[in-house]
Amino acid sequence: MLPLLVELPPLPTLRDTAFIMPEIILTLFAGAALVLDVALPRSKKHLTAYFSLIGLAFVAIALAQQVAMTASLLPISAFYGMLFIDGLSVVFRFVFIVAAAFSILYSIKYLEFEREQRGEYYALILFSTLGMMFVATSGDLIALFVSFELMSLSVYVLVGYFKRDKRSNEAAMKYFLTGIFSSALMLYGLSLVYGVTGHTNLGLISETIAGYVQGGTAESGDPRLLLMVALVLVAAGLLFKIAAVPFHMWAPDAYEGAPTTVTAFMSVGPKAGAYVLLARMLLFALAPMREMENLPGWAALLAVVAVLTMTVGNLAAVTQDNVKRLLAYSSIAHAGYILLGIVSGTDMGYQGVAFHIMTYTLMNTGVFAIIIALHRQGVIGENLNDLNGLFSRAPSAAVLMLIFILGLAGIPSTAGFVGKFFLFGSLIQSGKPWLTYIAIIAVLNAVVAFYYYARFARAMFLNAPSENIADASPLLLAPSVRITLTLSAIAVLFFGIYPQPLINVADIVAQSITTVYAQSSGIALR
Amino acid sequence: MLLDAGSLLVWLVALPLVGALALVVLTATSMELGRRYALTTALAAALLTFGLSLRLIARHADPALVVNAPWIPTLGVNWHLAADGLSLWLILLTTLLTPLAMLASAAIVTRRPAYFLLLLLFESGLVGVFLARDLVTFYVFWEVVLIPAYFLIGMWGGENRRAAVTKFFLYTVAGSLLMLAAIIGLYVGHGAATGRYTFDVETLVAARNVIPAETRQWCFWGFAAAFFVKIPLFPLHTWQADTYAEAPTPVAALLSGAMSKMGTYALVRFGVGLFPDIAREWATLMLTLAVVSILHGALAALAQTDLKRLLAYSSLSHLGFVTLGVFSFTTYGVEGAMFHMAAHGVTTAALFLLVAMLEARRKTTALADFGGLAGAMPRFAFLMVVASLASAGVPLTNGFIGEFLTLLGAFTVAPGFAVAAAGGMILSAVYLLTAARRTLFGCSASLFEAPDMDWRETLAVAPLVALMLVMGVAPQLFLRPTRPAVPPEAVAVSRS
């Protein structure tokens, strides 16, 4: 028996366990959902969905206990710095829960209709959500990567969930192969970060890099060069997940091929998870590399990516006729807008990022919910023409869709406008001329976006119903879905007209980024 | 507190909105009930505005007529509304035209009262634009106006409405997004210089010199882009004729009567108010654009074979006079511009509503399809002739006063431009009277039998025609309340 050379730190206490209570509950429910699926007869499988929703409600209640903890704005670390809880992690975990709950709710009828009602679908969504929630609380490279992979792997499976559907399989394969490639790149980057700094704790990495960037000594050569390589690799992995140009190619195919409910989920949940990871890496661990002497920092890199992303996304969306592909490109463009807030590096920018992700979640799931409701056997309801004359067929669905679309377009008096206002405004506010030029490019982009969003309004309200949709059967809108959609639409309008409450929430995120991350220390082991 | 002077302004914006919301709840109701309901709301709004204007006429700068409450404190955005002599006639115009347009919409048939709901939204947005004193508040209303306009034209318009409305939408949005960039530019420029981040117009006007000159230069063009598209001014006018022609005619009356005034009003209050020096620097270019608009509009109107397109180009020409007055930077010019905005709003709306009545009878607005109407429709003919004369600027009508004052203003600083613009006045007499002659008189009297205007139609137009004469005979009544509200920045040469 080897003698213990190192004195072990004390075991994690009950206090630490309390911090991961939401995640523990979620794990239990996700596992139980799998078991429940086996136990239920075929005709009752949809009960798994309600079970999952109840689980998410419990998770939200457990998470609500942590809201008060963040009042001090200082992060609380648990499990020796492996996890830490700050304003950002609390707010974004709520976003994930909402995204998952909406996706589950909108899936029930759709899966019934496709005869694919199985409990594993809901379990996978819950596991993916679990991954996201750990991404938001991880303070360590290993934990970050593992939870990020949990999130991604669940989504790969979900994309290929329709086993008998060729497109679904193709999309899953494409997404999986490119996805693991980018994960491998990111992992290699993370290993380089560890190699240079000798730490896996984000706070310690940040501290060490800050030392190097400020001209600290290293035994051999300039460690910043190796860090640059690491940065590029990590960024490539992250940008892949948010589908930023030039890593966006997978998005239209995966969005189109995946079951529409999965597309809805992918476009908000895992995407928000990737933004959180991006924020953790760039604004925390690698924060000192924003701008460096003699070397391009990540701000410049990200700015180029942001401009390309929104421009390519918007221009490509113009020519699309498939709604899901169109929304894929629109979501690429939105990724570009959100990156702008990170590039600007101001409070206003971070507020914009948080605000926009929160409202985007409502608007995008809303749009998809209507498209799901249009779904028919035979008529997929994915072409823009299938929306023709929706107003005369189903006025309330058309009006709801219109509100979400106006929100995505960023028309004033919708929440989408406020988000864009913060994001674009933060560029001008930063006071750097080159960012002002980017703001102008962003504004021009918004004009292009208006064009293709207006196509939705045009199809629904201005065009006559197409002849070939012969069925007058009602839309697949369950009362619960209808109520959720109505509430989402009211929220989109309410936060467009009176955004202050949501800005206060976004400000919690911004504060936890600026006050804590700017110091880039203090999150060490305790 | 619900009925103090400040909340009166909020009610002015909110009343049509409340009406629209109620229509949402009542979607199942019949068209007729929806129409009656919307009309009641619009009339109530008109009464409210009328009460407000009496108060404003009595005391031109009523300090109580202000609402200023924090809206988005994080950014320094305030919910700031105020009424003064500049906004007075335009809110009255808007709230007057909306119920009249509703009255004249008998030919619009839909299954649901969405049409009236959109008209109410449109009214609310317009009133908001004319009252807003905070740049974000202003911008929000500015854009809100576009949405009902888009659907009103797109859903109830003519044959080519889809293409027209897309063009209209993209033009307007491009302009207003540039304005948004300029608004943020001003905000940041002012905040960086003074440490106080605000969108409040009065503060920004007072402290305009602390903002770096370069910033202000491009901000001015951002604002100008949005305003010139909306007015419209040559060369940004190409959406106008298509849009007016394809819009349902009562909506076209609102577009040209009220919506186009957004641009000219904002030009005086924000364009000239915030950037007087830059506006003056570019005055020659602006005067040129105004004169080109006047002449181009008039010449194009001469060539039109469709009544609605003719009126659209006539609008381009008339609003050129308003721009001419504004950029003359003289007391006469600016007062004339303010007067002419109201005058043109009344006249052009009346003409469009009259055309709507022809369209309801004959399903066409082509000039060639009419003739000899005077025999069958004497009441119609009388109103049409008076409105045409007013639009052509014949003395004792409102058109004369407006054009005379703007020309007078322009003449004192740039006689060449004034002479050229006066040519537009002559042309306007030619095309308007030709149009009136070809529809009302001529040989083909037997070609067209139609009932004369019923009481509802008469009620929609008669008040406007009466106003044309009142404004023409007693212009002082309308000029006096405006005078003290003209921003001092807008006047370089005052009346000696």
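A residue counts as buried when its relative accessible area is under 20%. By that cut-off A510(A) is buried, because its relative accessibility is 0%. Please keep in mind that this is a predicted model. A510(A) sits in helix α20 of chain A, which covers residues 500–519. Beyond its neighbours up to four places away in sequence, A510(A) touches D347(A), Y350(A) and Q351(A). Y121(A) lies 389 residues from A510(A) in sequence, with 34 Å between their C-alpha atoms.

Is L226(A) buried, exposed or partly exposed? With a relative accessible area of 41%, L226(A) is partly exposed. L226(A) belongs to helix α9 of chain A, and its contacts, again leaving out residues up to four places away in sequence, are L192(A) and V196(A). The C-alpha atoms of L226(A) and V193(A) are 8.4 Å apart, although 33 residues separate the two in sequence.

## Helix α5 and its two partners

In chain A, helix α4 (residues 87–114) packs against α5(A) at about 170 degrees, and the axes are 9 Å apart. An angle over 145 degrees counts as roughly antiparallel, so α4(A) and α5(A) are roughly antiparallel to each other. On the α4(A) side the contact includes R93(A), F96(A), I97(A) and L111(A), and on the α5(A) side the residues include Y121(A), I125(A), M132(A) and M133(A). Sorted by class, this contact has 13 nonpolar, 5 polar and 1 charged residues.

Helix α5 (residues 119–137) also packs against helix α11 (residues 260–285) of chain A, here at an angle of about 15 degrees with axes 8 Å apart. The two helices, α5(A) and α11(A), are therefore roughly parallel, and α5(A) passes α11(A) in a left-handed crossing. Among the residues making this contact are Y121(A), I125(A), S128(A) and M132(A) of α5(A), together with F265(A), G269(A), P270(A) and R280(A) of α11(A). The class count for α5(A) with α11(A) is 10 nonpolar, 6 polar and 1 charged.

## Helix α11 meets α14

Helix α14 (residues 347–374) of chain A is another partner of α11(A): their axes come within 8 Å and cross at roughly 170 degrees. This makes α11(A) and α14(A) roughly antiparallel, therefore. From α11(A), the meeting residues include T260(A), A264(A), Y275(A) and L283(A); from α14(A), they include Y350(A), I357(A), F368(A) and I372(A). The residues of this contact divide into 11 nonpolar, 7 polar and no charged.

## A covered helix

How many of the residues of α10(A) are buried? Helix α10 (residues 250–257) of chain A is mostly covered, with 7 of its 8 residues buried. Those buried residues are W250(A), A251(A), P252(A), A254(A), Y255(A), E256(A) and G257(A). The cover includes α6, α7, α9, α11 and α13 of chain A.

## Nonpolar cores

The largest nonpolar core has 398 residues, and M281(A), F223(B) and F227(B) touch the most other members. Setting aside neighbours within four places in sequence, F227(B) contacts residues including F138(B), W142(B), M179(B), L267(B) and F270(B). A second, separate core has 5 residues, among them F19(A), A78(A), I85(A) and V90(A).

Terms used:
Residues are numbered from 1 along each chain as its sequence is written. Chains are lettered from A and ligands numbered from 1 in the order in which they are written. This is a predicted model: local features need pLDDT of at least 70, side-chain atom pairs count only at pLDDT 80 or more; totals for chains, interfaces and linings use all residues. Side-chain values use heavy atoms; hydrogens and water are left out. Helices (H or I, at least four residues) and strands (E, at least two) are DSSP runs, numbered from the N terminus. Buried means under 20% relative accessible area, exposed over 50%, partly exposed in between (1.4 Å probe, protein chains only). Contact means heavy atoms within 4.5 Å. Axes are lines fitted to C-alpha atoms, for helices over the stretch in contact, and angles run from 0 to 180 degrees between N-to-C directions. Angles under 35 degrees count as roughly parallel, over 145 as roughly antiparallel, 65 to 115 as roughly perpendicular and the rest as oblique. A crossing is left-handed if the near helix is turned anticlockwise from the far one by less than a right angle, and right-handed if clockwise. Ala, Val, Leu, Ile, Met, Phe, Trp, Tyr, Cys and Pro count as nonpolar, Asp, Glu, Lys and Arg as charged, and the others, Gly among them, as polar. A nonpolar core is a set of buried Ala, Val, Leu, Ile, Met, Phe, Trp, Tyr and Cys residues joined through side-chain atoms within 4.5 Å.
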